[in-house]
Amino acid sequence: MVDAVQKTVVTAPIVKTAGNSHTPDGVLPNRRTQRRYAVRLWVVRHSRFFEWFYGRFASAFLLLHPFWTFVGYGRAERPVAFVERHVKGLLFDCRMCGQCVLSSTGMSCPMNCPKQLRNGPCGGVRADGNCEVEPDMPCVWVQAWKGAGNMVHGDGILKVQEPVNQSLRGTSSWLRVTAAAAAARGAAKEEA
Ligand code: SF4
């Protein structure tokens with residue numbers, strides 16, 4: 001009886017590759033290029049500089065709050081998101097999730113994880129530090145810990161991130177962070 005049941009079990013075909021690793025049949029093909037990894041990895045190696053730069057950049061954006069208010073945050077959204085998409089796309093391979101956490105992830109964008117994990121790696125990181133789904137891609141979370149180790153406020157990586165709000169995809173994190181900082185500053189002034 002047991003033999004009969006076992007014979008009916010259909011197993012997924014497995015494609016053997018070098019070493020002990022294997023790739024289940026039909027997984028998505030690698031679609032990113034080594035050049036982009038190179039830029040991404042370079043940024044992680046210089047995460048301390050980018051941390052410093054991002055701090056200055058955020059302050060400059062906040063100084064422009066009266067301008068954003070005059071223009072209207074809503075109207076500024078499209079052009080600012082356009083610039084943000086291209087600048088951060090080049091540097092971080094940004095996926096425009098709209099809720100940037102780079103400063104808490106060693107300047108390694110977690111949205112490049114094929115599983116889009118925002119709180120650390122899965123259990124499938126390969127022995128060489130690469131991703132189990134895209135074997136030629138360095139695991140974004142291994143890189144995140146490396147980058148965080150270079151940063152002044154690298155312990156931000158210990159902060160638990162909230163789930164991604166999908167409704168914010170494609171929107172500007174720069175404007176959202178600026179509006180939130182301006183609102184917090186206004187509230188602090190009222191309390192004082
Ligand atoms: S966390 Fe989101 S906004 Fe920041 S770089 Fe990654 S996809 Fe872009």
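**Notebook: ligand shell, helix packing and loop residues**

I began with the ligand. The residues around the ligand are K88, F92, C94, R95, M96, C97, C100, V101, L102, C109, M111 and S173. A residue counts as near a molecule if its C-beta atom, placed from the backbone, lies within 6 Å of it. I sorted this shell by class and got 9 nonpolar, 1 polar and 2 charged residues. Here Ala, Val, Leu, Ile, Met, Phe, Trp, Tyr, Cys and Pro count as nonpolar, Asp, Glu, Lys and Arg as charged, and the others, Gly among them, as polar.

I noted the ground rules next. The model is predicted, so local features need pLDDT of at least 70 and side-chain atom pairs count only at pLDDT 80 or more, while totals for chains, interfaces and linings use all residues. Residues are numbered from 1 along each chain as its sequence is written.

**Whole chain**

I counted 7 helices and 2 strands in the chain. Helices (H or I, at least four residues) and strands (E, at least two) are DSSP runs, numbered from the N terminus. Along the sequence the pattern reads α-β-β-α-α-α-α-α-α. The chain has 192 residues, and 21% of them count as buried. Buried means 20 or more other C-beta atoms within 10 Å of the residue's own, exposed means 12 or fewer, and partly exposed lies in between, with C-beta atoms placed from the backbone.

I then looked at contacts. Two residues are in contact if their C-beta atoms, placed from the backbone, lie within 7 Å. Among contacts between residues at least 6 apart in sequence, 65% join residues at least 24 apart.

**Helix α7 and its partners**

How do α3 and α7 pack? I found an angle of about 65 degrees between α3 (residues 47–63) and α7 (residues 173–191), with axes 9 Å apart. Axes are lines fitted to C-alpha atoms, for helices over the stretch in contact, and angles run from 0 to 180 degrees between N-to-C directions. The two helices, α3 and α7, are therefore roughly perpendicular. Angles under 35 degrees count as roughly parallel, over 145 as roughly antiparallel, 65 to 115 as roughly perpendicular and the rest as oblique.

On the α3 side I listed A58, F61 and L62; they meet W174, V177, T178, A181 and A182 in α7. This contact has 7 nonpolar, 1 polar and no charged residues.

I turned to α5. The angle of α5 with α7 is about 135 degrees, and their axes are 8 Å apart. That makes α5 oblique to α7. Y73, A76, E77, V80 and E84 in α5 meet S173, W174, L175 and A179 in α7. By class I get 6 nonpolar, 1 polar and 2 charged residues in this contact. S173 is also one of the residues around the ligand.

**Loop between α5 and α6**

I checked S103, which sits in the loop between α5 (73–92) and α6 (140–150). Is S103 buried or exposed? S103 is buried, because 20 other C-beta atoms lie within 10 Å. Leaving out residues up to four places away in sequence, S103 touches E51, Y54 and G156. S103 and A148 are 45 residues apart in sequence, but 8.4 Å apart in space, C-alpha to C-alpha.

M96 is in the loop between α5 and α6. M96 is not a glycine, yet has a positive phi of about 50 degrees. I found 17 C-beta neighbours inside 10 Å, so M96 counts as partly exposed.

Q116 is in the loop between α5 and α6. Its phi is positive, near 55 degrees, and Q116 is a residue other than glycine. Q116 is partly exposed, with 13 other C-beta atoms within 10 Å.
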